[in-house]
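Have your viewer ready and follow along.

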Amino acid sequence: MKSELKKITQEWMELERKTSKQRQVAELFYEEKLMALVVAEFIKSNKNALKEKVDYLIISVGVAYEPLILSIKLFDPKKILFLYTELTAETLNKVVKYCGLEAVRYEKHQVHETDPMDIYREIKQAYLSWGRPEKMYIDFTGGTKAMSAAAAMAAAMIDVQMVYIGTEQYLADFRKPYPGSEKLYFIENPLTVFGDLEVERAMVLFDKANFSGAREKLEILKE
């Protein structure tokens with residue numbers, strides 16, 4: 001598989017891209033000849049990193065379809081929520097078609113690309129309607145910076161696992177990762193770090209005999 005992936009990758013990289021038509025041909029080549037190999041390599045390289053079976057997956061949709069497909073193929077969730085914008089509807093349609101997703105398996109909600117409140121509301125609604133599931137992941141690889149940041153903040157607040165599909169071999173001239181270099185990253189909840197600071201503050205209040213203040217902070221941390 002590795003040798004075949006390298007061979008097809010080389011063919012793809014050698015394609016002409018001077019004109020719009022040539023770039024379209026190169027993109028179609030990647031989709032039809034390379035994508036399946038990339039998916040297979042990604043699953044092979046990252047399956048051992050999976051901590052558990054993912055039941056629910058929320059994905060912010062950007063212009064790139066590849067990382068979304070990798071995420072879905074690896075996690076194979078029973079339910080997906082896509083958060084997309086007017087500009088990324090085409091990406092969403094391509095992902096759904098490539099993954100062969102049945103309508104009952106996914107939901108899609110259009111959000112504003114610069115308004116984080118849209119993201120907060122949709123994630124909260126999904127979390128509640130799905131019964132506050134423990135095995136719910138949020139993939140914020142795609143979308144605008146505002147969308148990714150909002151998705152990450154929402155994930156931290158409800159304490160669900162955040163993930164990101166990245167690479168250490170990004171090909172700037174091709175605007176894609178080097179095929180096969182894609183990697184799954186688990187992002188830890190930052191509140192576990194900042195919670196330590198709140199514990200310290202609570203202890204300072206306790207030492208000063210400000211028991212009501214200490215209790216208030218500890219109750220917040222408990223929740």
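Contact here means heavy atoms within 4.5 Å. Axes are lines fitted to C-alpha atoms, for helices over the stretch in contact, and angles run from 0 to 180 degrees between N-to-C directions. Helices (H or I, at least four residues) and strands (E, at least two) are DSSP runs, numbered from the N terminus. Please keep in mind that this is a predicted model, in which local features need pLDDT of at least 70 and side-chain atom pairs count only at pLDDT 80 or more, while totals for chains, interfaces and linings use all residues. Residues are numbered from 1 along each chain as its sequence is written, and side-chain values use heavy atoms, with hydrogens and water left out.

Begin with the sheet. Six strands make up an open sheet with mixed pairing, in the order β3-β2-β1-β4-β5-β8; two strands count as paired if DSSP finds at least two bridges between them. At the edges sit β3 (106-110) and β8, each of which pairs on one side only. From one strand to the next, the twist averages 25 degrees. Helix α4 (residues 89-99) lies across β2 (79-84) and β3, and runs at about 160 degrees to β2.

Now zoom in on β5 (161-166). Its neighbour β4 (residues 136-139) runs parallel to β5 and is joined to it by three bridges; here, tyrosine 137 has glutamine 161 in β5 as its bridge partner. To get from β4 to β5, the chain passes through α6, and this β-α-β crossover is right-handed: with the strands pointing away from the viewer, the path from the first strand over the helix to the second runs clockwise.

With strand β8 (residues 183-187), β5 pairs in the antiparallel sense over five bridges. Valine 163 has phenylalanine 186 in β8 as its bridge partner. How covered is β5? Five of its six residues are buried, where buried means under 20% relative accessible area, exposed over 50%, and partly exposed in between (1.4 Å probe, protein chains only).

Finally, look at the backbone of two loops. Most residues other than glycine have a negative phi. Aspartate 159, however, has a positive phi of about 60 degrees without being a glycine. Aspartate 159 lies in the loop between α6 (145-158) and β5, and counts as exposed because its relative accessibility is 56%. Arginine 175, also not a glycine, has a positive phi of about 60 degrees. Arginine 175 sits in the loop between β6 (170-171) and β7 (176-177), and is exposed, with a relative accessible area of 70%.
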